[in-house]
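Colleague: I have the model open on my screen, and I would like to know what stands behind the labels you put on it. Could you take me through them?

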Amino acid sequence: MAASGISELDIDHLRGWIGREDVGVDIVSEDLARKYHATFDYPGEAPQHGEIVPRLIHFCLAQPAAPTGTLGPDGHPARGGFLPPVPLPRRMWAGGAFAFSGDLRVGDVVRRTSRIADVMLKKGRTGPLCFVTVEHRVEANGVLVLQERQDIVYRGLESAAGATKQPPPAEQGAHQRPMRAEAPLLFRYSALTFNGHRIHYDRRYVTEVEGYPGLIVHGPMQAALLCNYAAELRGAPPRCFSFRGLSPLFDDDAFALHATEEGTGLKLWTAKQNGTLCMTAEASWS
């Protein structure tokens with residue numbers, strides 16, 4: 001769909017999804033805590049019953065479970081259910097923000113309530129962009145522990161990975177941690193989050209259909225790495241955290257987590273070894 005295709009999107013129809021809700025219930029099991037701990041190579045023993053689990057582990061909880069036969073060609077659930085049926089082929093998690101009022105612990109019964117808050121259409125350099133904002137409330141044993149804003153962007157296939165405007169080279173953080181996110185890590189995270197999106201595990205699909213040079217590292221996983229890096233640096237998890245994706249990170253990219261003090265909080269980012277900035281984030285404790 002070319003840039004002129006913006007007129008072909010029925011934004012009034014898509015905005016009819018505003019206000020729709022979806023509810024899911026799950027349990028923070030010892031099994032999930034153990035597998036999450038192993039996936040990210042956290043030191044020591046995994047959290048046991050009653051102990052606090054890492055921030056953003058809720059991405060693994062109460063996920064929609066569409067039957068396999070109903071999935072779309074990209075591995076996502078077919079459009080037009082909870083999320084609006086945006087007729088653009090690429091769907092990416094562009095960013096999000098979180099306000100924490102408590103912690104999740106192993107054994108908690110978790111209830112997620114999600115609501116479509118907004119649907120907007122914009123004209124990008126390479127074609128139309130449709131932004132969907134989803135608000136989530138997460139309760140543990142009936143008590144609110146997290147409020148989240150999720151920003152999803154839909155775009156055309158002609159917005160090729162190399163065609164997007166590259167952000168300026170990243171600075172070096174006061175704190176740095178070299179990382180790699182190779183195929184086994186991406187597969188494990190997709191499994192934990194019940195995410196069938198083929199860009200994270202199907203190399204033929206992501207290179208031949210979507211035109212990327214490799215498997216794409218999940219935006220939420222980068223956010224989780226940065227959020228828990230912030231908690232490690234400060235010795236306590238942040239009360240507020242936000243992130244924004246700027247450019248794709250691929251499974252064969254060497255990259256690093258960066259962090260620098262900013263006021264009473266931390267400014268964080270992921271950047272490739274060649275300096276390309278991939279994601280920015282902010283963490284605060286006030």
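Modeller: Gladly! Let me begin with pairing: two strands pair if DSSP finds at least two bridges between them. Please keep in mind that this is a predicted model.

Colleague: Thanks. How do you know that strand E3 pairs with strand E4?

Modeller: The cut-off is at least two bridges, and 14 bridges join E3 (residues 109-124) to E4 (residues 127-140), so they count as a pair. The two strands run antiparallel. To find your place, look at Thr 113, which stands opposite Arg 137 in E4.

Colleague: And what makes E10 a partner of two strands, E7 and E9?

Modeller: The rule is the one I gave for pairing. E7 and E10 are joined over 6 bridges in the antiparallel sense, with Ser 242 opposite Glu 282 in E10. E9 and E10 also pair antiparallel over 6 bridges, and there Thr 270 has Met 279 in E10 as its bridge partner. Each of these counts meets the cut-off of at least two, so both are pairs. The hairpin of E9 and E10 has 4 residues between the strands, and Gly 275 takes a positive phi near 100° in this hairpin.

Colleague: What makes Arg 15 and Asp 118 a salt bridge?

Modeller: The limit is 4 Å between a side-chain nitrogen of Lys or Arg and a carboxyl oxygen of Asp or Glu. Here the N to O distance is 2.9 Å, which is within that limit, so the pair qualifies. Arg 15 lies in the loop between helix H1 (11-14) and E1, while Asp 118 is in strand E3, so the pair ties together parts that are 103 residues apart in sequence. The count by this rule comes to 16 salt bridges.

Colleague: How many cavities does the search find, and why are they called cavities and not pockets?

Modeller: The search of the whole structure finds 2 cavities of 30 Å³ or more. They are called cavities because a 1.4 Å probe fits there but cannot get out, whereas a pocket is an open set. The largest cavity has a volume of about 100 Å³, and its lining has 8 nonpolar, 2 polar and 2 charged residues.

Colleague: Which element gives the largest share of the lining of the second largest pocket?

Modeller: That is H5, with 5 residues. This pocket has about 600 Å³ of space and 27 lining residues, with Phe 40, Tyr 42, Pro 43, Asn 228 and Glu 232 nearest its centre. By class, the lining has 16 nonpolar, 4 polar and 7 charged residues.

Conventions
Residues are numbered from 1 along each chain as its sequence is written. This is a predicted model: local features need pLDDT of at least 70, side-chain atom pairs count only at pLDDT 80 or more; totals for chains, interfaces and linings use all residues. Side-chain values use heavy atoms; hydrogens and water are left out. On a 1 Å grid over the protein atoms alone, a cavity is a set of points where a 1.4 Å probe fits but cannot get out, and a pocket is an open set with protein on both sides within 12 Å along at least five of seven lines; lining residues have an atom within 4 Å of a point. Grid points are joined across faces, edges and corners, and a volume is the space filled by probe spheres set on the points. Ala, Val, Leu, Ile, Met, Phe, Trp, Tyr, Cys and Pro count as nonpolar, Asp, Glu, Lys and Arg as charged, and the others, Gly among them, as polar.
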